Amino acid sequence: MLGYIIYGDEAGKRPALGDRQLSGGNFVTLEMRRHPRLNGPVALYRARQGARMLREAGVRSAVFPVDFPYTALFIRQGVLPVDTLPLRRTLAAPLARRRLETGGFQPTQAVVAVSGDRPVREVTECAKALALNYRYVLLSVKGDAELFSRNLRREYGISLVLEPSPDQLNRADALVLFSPRSDLALDNPILYTLYPGGEVGRGRLPLCLPAALAEQTECNCDREQLAAALYAMGALTAESFLVDVE
């Protein structure tokens, strides 16, 4: 069960549970009123009460408001913000392709690189999707990626460059990182940093909630968390988030 926290001046004095449906996704809502003394005893008591109400309703993950001052308190109570990383990783290959296309990079000339700790499915699926569209794809992982590369060559007739040097990765037109790399310059024309802590800065991959759906949310709703929640529920497909992306 996923939660949806509504935080503002219109809510009642006490936290209240409800329900809401957005694009086919069902949420347990928690309405909390903004208190003038955010860290006062009454405000903190009501925040703890709200977190407890969500937890007792079976909610372990929720869409938080962007200006919510009690996120750490809710985490301690066992209610976490929706993780946006799985959706960002799913969108890495199609968004990289779109940016390469709009940037004028040709499929037969562009160099695309993917790097990760191990050849896990998220990493190899990204490399595969890019290799089906671009001639030069570099794959840098800690571990044996030779079997994956052989299968790709046998099934699709395409080859990857394995174990590229840091210099080759630095010169790639697009670089998708599934884990940190302290040995790279990270100044590639297209860069996505898809690991915990990589959601900020230049390598951040944006999540664009469909405009019609965004209009149904509060102005302080974290729409990227909502996007990830609806994707996790199966209420929206990955393609839904590409419609309004330039």
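## Where R181 sits

A residue counts as buried when its relative accessible area is under 20%. In this predicted model, R181 comes in at 18%, so R181 is buried. You'll find R181 in the loop that runs between β9 (174-177) and β10 (190-193).

Another, at 2.9 Å, ties the R181 side chain to the side chain of D183. If you skip the neighbours within four places in sequence, R181 touches S115, S140, P166 and L169.

## The sheet

Now for the strands on either side of that loop. β9 and β10 belong to an open, five-stranded sheet with parallel pairing, ordered β8-β7-β6-β9-β10. β8 (161-162) and β10 are the edge strands; each has a single partner, so one side of each has no neighbour in the sheet.

β9 and β10 run parallel and are joined by four bridges.

Nonpolar side chains tend to be buried together in soluble globular proteins. Here, the largest nonpolar core holds 53 residues, and F27, L91, V114, L139, L209 and L226 have the most contacts inside it. Helix α3 (residues 85-102) is the top contributor to this core, giving eight residues. There's also a second, separate core of 17 residues, with V28, L30, M32 and V59 among them.

How values were computed. Residues numbered from 1 in each chain as written. Predicted model: local features only at pLDDT ≥ 70, side-chain atom pairs only at ≥ 80, totals over all residues. Heavy atoms only, no water. Helix = DSSP H or I, 4+ residues; strand = E, 2+ residues; numbered from the N terminus. Buried < 20%, exposed > 50% of the residue type's maximum accessible area, 1.4 Å probe, protein only. Polar contact = N/O pair within 3.5 Å; in protein donor to acceptor, adjacent residues only side chain to side chain. Contact = heavy atoms within 4.5 Å. Core = buried A, V, L, I, M, F, W, Y, C linked by side-chain atoms within 4.5 Å. Pairing = 2+ DSSP bridges.
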